[in-house]
Amino acid sequence: MLRAGSVVTCIACKNLLPPRMGVKFRVPLQKLHPFSRAIHHRYSANSNPQRPPHCSAARHYTSLSRLPMRPPKSRSGGHGYQQHRTFWVARLAAKLLKLRYILLGSAVGGGYTAKKTYDEWKDMLPDMSQYTWVVPDFIWELSENIDLDKLAKALPELEEIAKLLPDMEKIGENFTFLKSLLTSGLGSEVNGASGLRLLLETTGDSALRAPDVPPTSAAMSDGSDKQFKKSSDKERVDQLQEELLRTQMKYQRMLERLEKENKELRKVVLQKDDKGIHQRKVKKSLIDMYSEVLDILSDYDSNYNTQDHLPRVVVVGDQSAGKTSVLEMIAQARIFPRGSGEMMTRSPVKVTLSEGPHHVAMFKDSTREFDLGKEEDLAALRHEIELRMRKSVKDGQTVSPETISLSVKGPGIQRMVLVDLPGVISTVTAGMAADTKETIFSISKAYMQNPNAIILCIQDGSVDAERSIVTDLVSQMDPQGKRTIFVLTKVDMAEKNLASPNRIQQIVEGRLFPMKALGYFAVVTGKGSTNESIDSIKDYEEDFFQNSRLLRDGMLKAHQVTTKNLSLAVSDCFWKMVRESVEQQADAFKASRFNLETEWKNNYPRLRELDRNELYEKAKNEILDEVISLSQVTPKHWESILQKKLWERVSTHVIENIYLPAAQTMNSGTFNTTVDIKLKQWTDKQLPHKALEVAWETLQEEFARFMSEYKGKDQDDIFDKLKEAVKEESIKRHKWNERAMDSLRVIQHNALEDRSITDKPQWDAAIQFMEETLQSRLKDTDSVIADMVGPDWKQRWLSWKNRTPEQHIRNETKNELERLLKLHEDHTAYLANDEVTTVRKNLEGRGVEVDPVLIKDTWHQLYRRHFLQKALSHCNLCRRGFYYYQRHFVDSELECNDVVLFWRIQRMLAITGNTLRQQLTNTEVRRLEKNVKEVLEDFGENNEKKVQLITGRRVQLAEDLKKVREIQEKLEAFIEALHKEK
């Protein structure tokens with residue numbers, strides 16, 4: 001209530017102030033402004049009607065004139081002055097009161113309209129509370145860890161913020177309207193008040209209505225209502241649709257601009273976080289943890305029917321429908337090989353999308369990062385993907401089921417896992433394998449039959465929908481469409497080519513195909529040029545849908561267009577599916593783990609659970625220990641083995657080609673000459689090669705012996721196959737160093753030229769070596785003769801054995817030739833032709849038909865035995881011949897040149913064995929160790945080789961146990977992180 005001192009003001013004074021202000025004035029009435037005091041006295045009930053009027057009341061006041069600062073002097077007068085002054089004041093007050101209502105109504109109406117528009121825009125905004133998980137945890141800690149002064153510099157400029165301010169032109173138009181009301185007369189003011197009243201009444205808020213107006217205002221309001229109703233409903237609908245479209249596009253541009261600024265800001269924050277602002281270890285992201293689980297599952301082959309039912313987004317479509325282009329738009333980089341009309345995707349490509357400070361890509365089995373902001377890295381990435389695809393395709397095939405795993409990180413990328421599959425074809429063309437179509441169908445079905453896989457069905461909008469193959473395939477795998485998202489590509493070409501755009505509306509509303517889907521989207525992935533960038537494609541897509549009549553006419557809804565909306569929807573659906581199914585999958589692997597552990601405890605209770613890699617490392621250590629043992633063989637053992645094997649290799653040549661021919665000579669000079677010539681020829685051509693062959697074979701035998709020896713209780717027969725393969729491959733790779741052959745030849749030649757036996761022990765050693773050699777040869781010769789003639793009379797009587805006809809003939813021939821040797825003990829090594837004829841005639845006289853060749857063969861063995869027997873008897877005589885040797889057998893009938901020959905051979909064997917032993921221990925053993933290590937390293941890097949060489953149920957069971965445990969642990973860690981993010 002308005003008060004002035006203790007006097008209650010009149011009703012007219014109350015109307016000068018709003019009733020809600022509640023301001024109390026305690027100023028005397030005499031100190032009020034003259035203008036207010038005049039109005040007060042005009043309408044006050046306590047004023048004196050007999051007060052004389054002022055004499056000088058002729059001054060007129062307008063709404064724009066400045067009132068006097070002090071009151072004029074009062075003049076005594078009658079009623080005429082008071083009436084005259086009251087007339088002008090009342091007229092002015094009436095105008096000012098109407099202006100006051102107009103201003104007040106405009107302010108209230110404008111505020112209400114602004115509030116209503118704000119509420120409409122607010123309702124159009126999406127609910128962002130579901131996307132709070134997109135922002136990493138450290139973003140919410142910015143206020144505590146980020147320098148706000150530096151951060152303020154990264155905020156948008158004032159010019160950008162000014163665009164968000166109200167439209168000042170419209171406000172100016174409102175002020176112009178008010179100005180016209182002020183300058184107009186009373187009629188225009190009444191019309192404005194009437195229009196304001198109509199506006200307030202249509203809003204339905206009775207509290208904001210203007211006061212009653214004269215009948216003139218009501219009449220004008222009825223006229224305006226009639227004029228408004230003349231517009232047709234169609235025009236009103238068109239205007240509303242255009243206004244809605246403009247509002248949506250404006251909001252879309254604002255949202256994209258804010259997202260771009262947010263993307264840059266988050267990039268800066270992530271870069272600073274990498275530099276250590278938070279001083280904490282950055283945890284592995286959810287999508288990376290999930291991708292690791294999928295990588296392990298892709299290689300997992302369980303016999304317990306624990307199938308991989310974890311969600312992933314499977315991108316399927318007809319060939320050249322734009323699958324890869326859609327995936328590139330989601331990944332925000334052109335990372336896949338491109339071609340015109342030919343098949344480019346030859347194997348499944350798993351792409352893990354996640355957020356990071358830098359836009360990079362990396363393969364699962366490589367540490368190289370490809371910077372997707374550089375064109376040369378993009379070209380290298382596309383080339384590497386193409387090489388991996390061609391490498392995975394086997395000979396005679398066109399596509400491969402092997403998965404290529406790739407991760408892409410960058411600011412603002414939606415987190416999800418997508419698998420790009422080869423395009424479905426209807427006809428096998430030239431150059432393709434005959435089963436290409438069936439192989440692609442089987443690969444697609446294998447991924448889509450996962451009940452938790454999200455199927456991203458790509459349909460080419462530029463071709464007739466009836467030509468599509470993939471829609472029928474998707475309908476078979478997901479009849480209810482509970483996990484299918486349909487994407488119509490190349491909408492720009494479809495709008496241009498189709499005569500009836502309503503066909504596009506039927507497609508995106510799911511009324512054209514029998515296939516059902518969760519959602520339908522329409523996208524544009526460029527103009528078809530391979531050199532277009534992602535940014536230019538986005539701009540083209542946005543411009544197309546802004547100007548497209550598909551969106552303007554309501555055939556498409558705003559949330560159904562652009563790859564940006566598609567990626568948001570796919571990501572949301574992906575994470576929803578993950579949250580619903582991951583715990584169930586973890587329980588399945590937990591049960592599988594229990595079954596595997598139970599089988600191991602029952603079958604292998606005392607053995608450790610070593611998988612194939614751990615078993616390989618154990619076998620590798622054993623093999624290396626055995627190779628090291630090879631280097632610890634004593635020199636004496638090496639030399640003994642080498643001498644023995646070398647003599648076994650060359651003894652036949654020494655006896656047959658050197659000793660026997662030399663022994664046929666008549667004197668010692670001829671014997672020595674023949675021996676020297678034979679030894680020189682042998683040394684130059686055969687002996688060094690034979691020695692190296694013996695050394696190499698000895699090394700192999702010793703290596704094999706160490707590899708096969710039993711090493712105690714820890715020896716595992718599961719390694720036998722691997723050790724054999726390592727031994728064979730190492731020996732195959734080992735090449736003996738033959739550069740020492742020349743030096744070995746010289747050493748052997750010098751050793752054989754030496755004839756000086758220095759002492760009696762050497763002489764006795766030579767006698768013993770000769771005797772052992774001759775006895776061994778005599779024993780072998782007797783065995784050969786016994787096989788030729790068959791069993792003797794004791795064996796025939798005691799063992800009931802008989803001779804064959806050939807043995808009978810040989811026995812008769814042997815007897816005849818023995819009689820010849822008794823008559824001629826000094827006979828030469830060969831029979832003359834007349835002697836052969838004589839022997840044959842003698843045998844024919846006894847009724848034995850014999851061939852001359854058989855006679856010569858039998859003679860060769862009989863003469864060898866006769867010669868060896870004489871050599872042994874001569875060897876016994878030479879035991880005491882060292883004294884005669886020192887005198888060079890002068891004045892002595894005893895000649896022991898054959899003993900000297902065997903001493904030379906024995907000394908050559910000892911020197912050769914020593915030389916080869918040095919070469920073995922110093923060079924060849926170390927080279928063999930190196931070869932073994934290289935073979936083990938190569939086998940360790942070749943998983944197929946390890947699977948081939950380390951086999952068995954025990955190995956497979958340990959492998960399954962390891963993988964199941966790893967999958968379960970990673971799933972549990974992922975579930976824990978997922979719950980924390982919620």
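These are my notebook entries on what I looked up in this predicted model.

**Ground rules**

I number residues from 1 along each chain as its sequence is written, and my side-chain values use heavy atoms, with hydrogens and water left out. Because the model is predicted, local features need pLDDT of at least 70 and side-chain atom pairs count only at pLDDT 80 or more, while totals for chains, interfaces and linings use all residues.

**Entry 1: the sheet**

I began with the strands, which I take as DSSP runs of E with at least two residues; helices are runs of H or I with at least four residues, and both are numbered from the N terminus. I found an open sheet of nine strands in the order 6-5-7-4-8-3-9-10-11, with mixed pairing. Strand 6 (370-371) and strand 11 stand at the edges with a single partner strand each, so one side of each has no neighbour in the sheet. For me, two strands pair if DSSP finds at least two bridges between them.

For the antiparallel sense I looked at strand 4 (residues 349-355) and strand 8 (residues 416-420), which pair over five bridges. There, V349 stands opposite D420 of strand 8.

**Entry 2: strand 10**

Which strands pair with strand 10 in the parallel sense? Strand 9 (residues 454-460) does, over six bridges, and strand 11 (residues 519-522) also runs parallel to strand 10, joined by four bridges. I followed I485 across: it is the bridge partner of L456, and in strand 11 the partner of I485 is G519.

Is strand 10 buried or exposed? Six of the six residues of strand 10 (residues 484-489) are buried, so the rest of the structure largely encloses it. My cut-offs are under 20% relative accessible area for buried, over 50% for exposed, and partly exposed in between (1.4 Å probe, protein chains only). In a regular strand the side chains alternate between the two faces of the sheet. Here I see T484, F486 and L488 buried on one side, with I485, V487 and T489 buried on the other.

**Entry 3: salt bridges**

I searched the whole structure and got 44 salt bridges, each one a side-chain nitrogen of Lys or Arg within 4 Å of a carboxyl oxygen of Asp or Glu.

I started with K490 and D460, whose closest N and O atoms are 3.4 Å apart. The pair links distant parts of the chain, 30 residues apart: K490 is in the loop between strand 10 and helix 16 (491-497), and D460 is in strand 9. K490 is partly exposed at 22% relative accessible area, whereas D460 is buried at 11%.

Next came E626 and K723, with closest N and O atoms 3.1 Å apart. They are 97 residues apart in the chain, E626 in helix 21 (residues 612-630) and K723 in helix 25 (residues 720-733). Both E626 and K723 are buried.

Then I checked E693 and R649, where the closest N and O atoms are 3.4 Å apart. This pair joins helix 24 (residues 687-708), which holds E693, to helix 22 (residues 635-663), which holds R649, 44 residues apart. E693 is partly exposed at 38%, and R649 is partly exposed at 31%.

I also noted a network of salt bridges linking R593, E597, E609 and R965.

**Entry 4: surface patches**

Which residues form a nonpolar patch on the surface? I get W793, W797 and L798, with about 480 Å² of accessible area together. W793 sits in helix 28 (residues 793-798) and counts as exposed at 53% relative accessibility.

I also found a patch of negative charge on the surface, made by E235, D238, E242 and D553. E235 is in helix 10 (residues 233-274) and is partly exposed at 44%.

My patch residues have over 30% relative accessible area and no salt bridge; like charges are joined within 9 Å, and nonpolar side chains (Val, Leu, Ile, Met, Phe, Trp, Tyr) within 5 Å. Areas come from the Shrake-Rupley method with a 1.4 Å probe, and for residues only the protein chains shown count as cover.

**Entry 5: positive phi**

Last, I looked at backbone angles. S320, which is not a glycine, has a positive phi near 65 degrees. S320 lies in the loop between strand 3 (313-317) and helix 12 (323-331) and is partly exposed at 41%. T562 is not a glycine either, and its phi is positive at about 75 degrees. T562 is in the loop between helix 19 (549-552) and helix 20 (563-603) and is buried at 13%.

Methods
Lys and Arg count as positive and Asp and Glu as negative; His and the chain ends are not counted. The place of a charge is taken as NZ of Lys, CZ of Arg, CG of Asp or CD of Glu.
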